[in-house]
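Please take a moment to look over the sequence and the structure before reading on. The paragraphs below follow one theme, the packing of helices and of aromatic rings.

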Amino acid sequence: MSILDEERSDSMAKETLEILTESMFYVLMALLKQPKCGTELAQFVLEKTKKRVEIGPGTLYTILSKFEQSEYIEEIAVEGRKRTYQIMDIGKKAYVKEKSRLYQMLDDAAAEEMS
């Protein structure tokens, strides 16, 4: 892989995180107050969404991998197969940015309905 290919790969990875999926958004939300392991993250999302969003292990670990590569989160502990993650400043900023984007969408929808 050339340096140019690596740069493209890095920028493509960052582009995919410009807009977070619903599952990604909830994973970051789950980490805002305290570090969690994968099982705790999945349980948080299930409870927070009243079972509307369920993240399977494959999806969860894909999200965690992308977030680690983008430095949104970091692994802080490993006990056997249990890995614990915490959110980083850049992850908090991404969460706030996405929350603002979602609020703007709702404002746009409300304004459209009023016109």
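Which residues in α2 meet which residues in α5? In this predicted model, the α2 side of the contact is made by Phe-25, Leu-28 and Met-29, and on the α5 side they meet Gly-91, Ala-94, Tyr-95, Glu-98, Lys-99 and Leu-102. Sorted by class, the contact of α2 with α5 has six nonpolar residues, together with one polar and two charged ones.

The next step is to see how the two helices lie against each other. Helix α2 covers residues 22-31 and helix α5 covers residues 89-114, and the two pack with their axes 10 Å apart at an angle of about 125 degrees. The crossing in which α2 passes α5 is left-handed.

A pair of aromatic rings is described by two values, the distance of the centres and the angle of the planes. Across the whole structure, a search finds three aromatic pairs, and one of them joins Phe-25 and Tyr-26, with 6.0 Å from centre to centre and 75 degrees between the planes. This pair is edge-to-face, because planes over 60 degrees apart count as such. Phe-25 counts as buried at 10% relative accessibility, and Tyr-26 is likewise buried, with a relative accessible area of 13%, since buried means under 20%.

Methods. Residues numbered from 1 in each chain as written. Predicted model: local features only at pLDDT ≥ 70, side-chain atom pairs only at ≥ 80, totals over all residues. Heavy atoms only, no water. Phe/Tyr/Trp six-rings, centres within 6.5 Å; stacked < 30°, edge-to-face > 60°. Buried < 20%, exposed > 50% of the residue type's maximum accessible area, 1.4 Å probe, protein only. Axes fitted to C-alpha atoms, helices over the stretch in contact; angles between N-to-C directions. Helix = DSSP H or I, 4+ residues; strand = E, 2+ residues; numbered from the N terminus. Left-handed = near helix turned anticlockwise from the far one by under 90°. Contact = heavy atoms within 4.5 Å. Nonpolar A, V, L, I, M, F, W, Y, C, P; charged D, E, K, R; others polar.
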